[in-house]
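Hi,

Here is the structure I promised to pass on.

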Amino acid sequence: MATVLPVDEPKRTLNKRGRRSREEILEVAARLMAERGYAATTLSALAIETHLPKSAIYHHFESKAGLLSAVMAHGAYDFFNALNAIESTVPADGSVRDKLGFALHQIADIFSSRSDFLRLHFVLLMSTEAAESPLIEDELLRVRIDGRQPLIRMLQRAYAEYGDEAAARAANELVHFAMAGFDGAFIGARAEPERTISERLDVLADALDGLGKKYA
């Protein structure tokens with residue numbers, strides 16, 4: 001006897017296929033933009049790489065700026081989930097410097113495993129074309145603000161021996177310096193690979209340890 005599918009089965013199948021297409025477009029767009037830059041990543045190139053018609057790309061994303069905004073949101077969601085998963089792993093024991101070093105190297109592992117997202121983020125920050133789109137500019141700002149929160153919490157855990165109030169003050173004051181240090185370590189290790197991200201982050205940990213004492 002033939003199996004009768006539920007009335008909504010074709011719709012569910014189509015939705016699954018649509019989600020797969022959207023995910024594939026996002027992944028390919030992130031790779032191409034990180035490799036070629038925003039301006040050089042055309043919808044025609046995306047259509048060739050994904051084997052999807054341009055109409056399918058327009059179906060999911062109304063414009064190239066909308067696609068890029070979605071690419072950043074997609075990469076940021078994965079990046080922030082990874083950061084949130086490690087923030088509680090900063091050990092309670094050990095010196096402030098040990099805790100800072102542990103936290104920074106944990107984050108460096110996430111940086112290394114998601115280098116396409118970070119490379120794209122830096123490319124867009126310097127892109128004139130991207131800067132002219134309020135949609136992209138807003139998404140870049142959101143990524144920076146949202147990425148700051150788990151780092152603040154990790155810094156607070158590292159500075160915990162100063163007391164809750166001083167640790168919170170130090171974390172909030174130094175988070176911008178810490179983020180700038182991460183940006184510099186990531187870019188510097190690619191410009192001058194003879195000095196690794198790990199070596200650069202050891203210096204950053206020393207600096208944050210010294211600066212944190214100001215709030216003790």
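Predicted model: local features only at pLDDT ≥ 70, side-chain atom pairs only at ≥ 80, totals over all residues.

Residues are numbered from 1 along each chain as its sequence is written, and side-chain values use heavy atoms, with hydrogens and water left out.

Let me start with the rings. The structure holds 3 aromatic pairs; rings of Phe, Tyr and Trp (its six-membered ring) pair if their centres lie within 6.5 Å, and planes under 30 degrees apart count as stacked, over 60 as edge-to-face and the rest as tilted. One of them joins Phe122 and Phe186: the ring centres are 5.5 Å apart and the planes stand at 45°, so this pair is tilted. Phe122 sits in helix α6 (residues 115-125) and Phe186 in helix α9 (residues 164-191), so the pair links distant parts of the chain, 64 residues apart. Helices here are DSSP runs (H or I, at least four residues), numbered from the N terminus. Phe122 is buried at 12% relative accessible area, and Phe186 is buried at 3%; buried means under 20% relative accessible area, exposed over 50%, and partly exposed in between (1.4 Å probe, protein chains only).

Another pair is Tyr159 with Tyr162, which is stacked because the planes are at 15°, with centres 5.6 Å apart. Tyr159 is buried at 0%, and Tyr162 is buried at 17%.

Phe186 has a further neighbour: Arg190 lies over the face of its ring, 3.9 Å from the centre (a charge sits over a ring if NZ of Lys or CZ of Arg is within 6 Å of the ring centre and within 35 degrees of the ring normal).

How do α6 and α9 pack, in angle and axis distance? The angle is about 100° and the axes are 12 Å apart (axes are lines fitted to C-alpha atoms, for helices over the stretch in contact, and angles run from 0 to 180 degrees between N-to-C directions). The two helices are therefore roughly perpendicular, a term for angles of 65 to 115 degrees. Ser115, Leu118, Arg119 and Phe122 in α6 meet Asp183, Phe186, Ile187 and Arg190 in α9, where contact means heavy atoms within 4.5 Å.

Finally, Ala166 also lies in α9 and is buried at 7%. Its C-alpha atom is 9.3 Å from that of Lys214, 48 residues apart along the chain.

Best wishes

Technical notes:
Parallel < 35°, antiparallel > 145°, perpendicular 65-115°, else oblique.
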